[in-house]
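Reader: Can you put the model up so we can go through a few contacts and the metal sites?
Author: Here it is.

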Amino acid sequence: MNRADLHTHTTASDGLHRPSEVVRMAAEAGLAAVAITDHDTVAGIAEAVDAGRRFGIEAVPGVELSTSLDGQDIHILGYYIDFRDSLLLSRLVSQRKARDSRNEGIVARLNELGIGLTMEQVAEAAGRKPGVEETIGRPHIAEALVRIGAAGSVQEAFDRYLAKGRAAYVDPPPRISPLQAFEWIREAGGAAIVAHPGLYGDERLAVRLLESGADGLEAYHSDHTDEQAERFRRLAERYGKMVTGGSDFHGARKGKVYHGQIGNRSVEAGVLERLRSVRGS
Ligand code: AMP
Ligand code: FE
Ligand code: FE
Ligand code: ZN
């Protein structure tokens, strides 16, 4: 087997396992490579790369940028970015600031609904202090709601309060566009791939993004059907672009796996060669 899972999260964002654990689990699953793609941060990469050496598996540096287009949240994956590039790092700081103010808005909405949650409790549920390099996201707010007894489970917290359109949903402040994300990733030497293009309501969006500079589509994803995977694979190939895939593993809590188990979606490790060389460096 020579497979790569190109989409995973760690404790640097909303995953439940440390970067070194994710890499170890990927090695145990028999994968040849695993990409670490945390939301708006590269804080987990150094540890993952180090663990990759120990476990004899390639840890691909990645990131998943939160962007928006016409009010729709769109995630853009970056691969083989220079994760020490100071321009990229300062850009990620601005992403996290936008995220933090959105999080504060959600907590304020919850307070208005009579739920006495604080940002400190959210940070504690995430296992960190606010304002550090790791990101805080809605899954952490959900976990905090469970801890204070305002929801029975993380899923219930999303369904009642946090999912788009629910009682405490807050639109993120103006986010960068997908085009800006392509540029940031490109300037950091990486390849830019549209994450889970089947989850945005309108599949034509993928065409628009391919035509405006995306290097490829994540056709294989835990939340895509086989038909979607096939459609996006063909679409990317029609444009001469790359086809990637990954589990979007976030870890397991009480036996329940979020999104997908590590390695349940993967691509031939040969794809890495192309991802690495797309910037011609
Ligand atoms: P954020 O980036 O803070 O807006 O949080 C987005 C993350 O929340 C996603 O990457 C998923 O891990 C999780 N998420 C989003 N929507 C749901 C949902 N309806 N149910 C459970 N988890 C969700
Ligand atoms: Fe997530
Ligand atoms: Fe995503
Ligand atoms: Zn993800």
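Reader: Which residues in H5 meet which in H6?
Author: Arg138, Pro139, Ile141, Ala142, Glu143, Leu145 and Val146 in H5 meet Val154, Ala157, Phe158, Tyr161 and Leu162 in H6; contact means heavy atoms within 4.5 Å. By class, that contact has ten nonpolar, no polar and two charged residues. Ala, Val, Leu, Ile, Met, Phe, Trp, Tyr, Cys and Pro count as nonpolar, Asp, Glu, Lys and Arg as charged, and the others, Gly among them, as polar.

Reader: What should I know about the source?
Author: This is a predicted model, where local features need pLDDT of at least 70, side-chain atom pairs count only at pLDDT 80 or more, and totals for chains, interfaces and linings use all residues. Residues are numbered from 1 along each chain as its sequence is written, chains are lettered from A and ligands numbered from 1 in the order in which they are written, and side-chain values use heavy atoms, with hydrogens and water left out.

Reader: At what angle do the axes of H5 and H6 cross?
Author: At roughly 105°, and the axes come within 8 Å. H5 and H6 are therefore roughly perpendicular to each other (65 to 115 degrees; under 35 is roughly parallel, over 145 roughly antiparallel, the rest oblique). Axes are lines fitted to C-alpha atoms, for helices over the stretch in contact, and angles run from 0 to 180 degrees between N-to-C directions. Helices (H or I, at least four residues) and strands (E, at least two) are DSSP runs, numbered from the N terminus.

Reader: And how far apart are the axes of H3 and H5?
Author: They are 11 Å apart, at an angle of about 30°, so H3 and H5 are roughly parallel to each other. Arg102, Asn103, Ile106 and Leu110 in H3 meet Arg138, Ile141 and Leu145 in H5.

Reader: Switching to metals. What coordinates the iron ion (ligand 2)?
Author: Asp14 (OD), His39 (NE2) and His250 (NE2), at 2.2 Å. Donors are N, O and S atoms within 2.8 Å of the metal (3.2 Å for Na, K and Ca); water is not among the atoms, so sites may look incomplete.

Reader: Are those histidines buried or exposed?
Author: Both histidine 39 and histidine 250 are buried (under 20% relative accessible area; exposed is over 50%, partly exposed in between, with a 1.4 Å probe and protein chains only).

Reader: How far apart are the two iron ions, ligand 2 and ligand 3?
Author: 5.8 Å.
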